[in-house]
Amino acid sequence: MKRLAPVLPLLRTTLLACTVTAAAYAGHAAAAETPKTGGTLVLGSTQSPRHLNGAVQSGLATAMPSTQLFASPLRFDDKWNPQPYLAESWKVSEDGKSLTLNLRRNAVFHDGKPITSEDVAFSIMTIKAKHPFQTMLGPVEKVETPDPHTAIVRMSRPHPAILLAMSPALCPILPKHIYGDGREITTHPANSSGVVGSGPFRLGEFVPGQRIVLNRFDKFFLPGKPYLNKLVITINPDSQALAMGIERGDIQMLPFLSVTTDLRRLQANPNLVLTRNGYEGIGAINWLAFNLERKPLSDARVRHAIAHAIDRNFIVKALHGGFSQIADGPIVATSPYATPDLHRYAYDLKRAEQLLDEAGYKKGGNGERMTLTIDYLPGTDEQQKNVAEYIRTQLKKVGVNVQVRASADFASWAKRMAAHDFDLTMDNVFNWGDPVIGVARTYMSTNIKPVVWTNTQSYRNPKVDELLETAASTLDTTKRKAYYATFQKIVTDDLPIFYINNTPYHTVANKRVVNVPASIWGPASPFDDVWMK
């Protein structure tokens with residue numbers, strides 16, 4: 001069957017109707033070796049999910065098990081190209097306002113019941129209503145189901161991010177006969193126990209904070225897959241303990257590893273392979289956010305001064321051992337929408353002091369100009385706490401007294417952020433593939449909410465709102481890139497956030513592991529192609 005050119009608004013100047021067939025997708029199998037069926041892969045994680053349903057919960061802790069339990073309409077390769085998955089082909093209309101998904105006819109849920117267009121419609125509308133990323137499916141009005149194997153997503157306006165929104169971590173297909181029973185889906189018991197999924201693995205055991213055991217689903221719709229008999233996610237908040245586990249051979253893969261000491265040690269191990277590939281779609285940025293509702297941070301000169309007082313080269317080279325890279329803007333450099341035309345802030349203490357003087361915050365008799373607090377996301381000391389402590393020492397050099405505030409756990413920190421109860425805060429935020437999905441939420445004035453990972457900076461710029469709204473419905477990629485380039489130039493001047501570094505996520509795997517996930521979604525994608533030597 002012939003494959004037509006894949007449709008991806010990110011990579012085309014116009015969004016054309018297009019069909020992609022399943023026959024062309026050969027997976028990621030090693031070219032020189034025949035995949036071996038069987039075996040158990042033990043994967044280590046520091047993150048413990050509250051439940052396993054990625055339709056109503058964002059984050060990596062949920063994405064890893066959810067993408068194994070539930071299939072999505074599409075998946076993506078390492079070049080940002082969409083590939084068939086539960087949908088064997090698809091078509092985007094000429095006006096970009098509808099997406100037709102042609103489902104596989106042999107797909108069944110883990111309880112043996114067929115996966116139909118009704119399940120796809122139910123899932124997409126559930127995600128629109130309940131998922132934290134409200135812009136992701138914002139234009140979706142309804143999903144039509146003309147027959148059991150055809151789902152037509154109807155949108156109020158063109159939505160250039162719609163294909164990325166069909167990705168494994170963002171669009172798990174749920175069984176309507178389980179989750180459509182009238183109970184609140186965010187607290188549904190089937191989110192954690194007795195999970196009935198549509199993906200390559202079925203749930204064997206979920207012990208929160210300890211482990212997730214996933215067993216091969218023999219009736220998975222891709223013949224012969226998955227190759228593994230079992231996938232075990234062992235959970236331990238101590239990354240060093242996990243690193244020791246992979247050295248001993250108890251664990252065979254560690255995704256989302258970013259601790260410098262662990263990376264350096266494991267990199268030297270001849271039995272292991274370390275790669276940074278597979279995190280392009282996630283697009284993680286470590287940054288310093290300002291609360292613009294509070295003086296003196298409402299003054300852009302003060303924010304610029306703070307930026308000039310921070311030596312990011314020291315952070316990435318000394319604090320992060322050279323494993324991380326400086327981030328200069330809100331869109332990661334690996335994104336098709338990144339631009340080099342940004343306002344940058346060179347390390348310059350004299351310029352920092354000059355700006356603070358101009359803003360009217362001169363040093364007092366004790367050498368201090370002001371006192372601020374800085375919070376940080378708990379649990380990732382190297383990226384968060386250590387950088388916050390470094391910023392404290394740097395700002396003291398220009399007369400700014402900074403008090404570092406610790407939070408007992410994520411919930412405590414998130415509560416402060418949601419209440420906008422901070423001056424400065426470190427944070428680690430993801431692009432999630434398309435600016436519509438993961439970037440706009442931080443800068444739109446309409447998204448200033450009492451919710452973590454919204455516009456908790458209280459940043460308001462009508463021009464930015466206009467640019468983001470226009471880009472969100474523009475199909476012409478060249479024009480869309482231009483809108484986002486202007487947005488990036490403005491926001492790096494307004495500086496509601498000072499970008500520190502790209503989070504240095506790596507995957508470490510035993511050399512026995514073949515086809516380590518390396519698509520743009522990396523470990524937040526199905527492991528059906530992974531096998532063990």
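**Close-up views of a predicted model**

View 1. Buried means under 20% relative accessible area, exposed over 50%, and partly exposed in between (1.4 Å probe, protein chains only). Ten of the ten residues of H1 (residues 60-69) are buried, so the helix is largely enclosed by the rest of the structure. Among them you can find Leu60, Met64, Pro65 and Leu69.

**How to read these views.** This is a predicted model, in which local features need pLDDT of at least 70 and side-chain atom pairs count only at pLDDT 80 or more, while totals for chains, interfaces and linings use all residues. Residues are numbered from 1 along each chain as its sequence is written, and side-chain values use heavy atoms, with hydrogens and water left out.

**View 2. Where domain 1 meets domain 2.** The domain assignment, which is automatic or from a database, gives domain 1 (40-232 + 507-532) and domain 2 (284-502). In this view, 18 residues of domain 1 are in contact with 16 residues of domain 2, contact meaning heavy atoms within 4.5 Å. The two domains bury about 1,500 Å² between them, 77% of it on carbon and sulfur atoms. Trp80, Phe133 and Pro160 supply 35% of the area that domain 1 buries against domain 2, more than any other three residues. Buried area is the accessible area (1.4 Å probe) that two parts lose on being put together, summed over both.

**View 3. Glu33 and Lys533, a salt bridge between distant parts of the chain.** A salt bridge is a side-chain nitrogen of Lys or Arg within 4 Å of a carboxyl oxygen of Asp or Glu. In the pair Glu33 and Lys533, the closest N and O atoms are 3.9 Å apart. Glu33 belongs to the segment before S1 and Lys533 to the segment after strand S21 (531-532), 500 residues apart. Glu33 is partly exposed, at 33% relative accessible area, and Lys533 is partly exposed at 45%.

View 4. The side chains of Arg312 and Asp328 meet at 3.1 Å, N to O. Arg312 lies in helix H7 (residues 312-319) and Asp328 in the loop between strand S14 (325-326) and helix H8 (349-358), so the pair ties together parts 16 residues apart in sequence. Arg312 is buried, at 9% relative accessible area, whereas Asp328 is partly exposed, at 23%.

Terms used
Helices (H or I, at least four residues) and strands (E, at least two) are DSSP runs, numbered from the N terminus.
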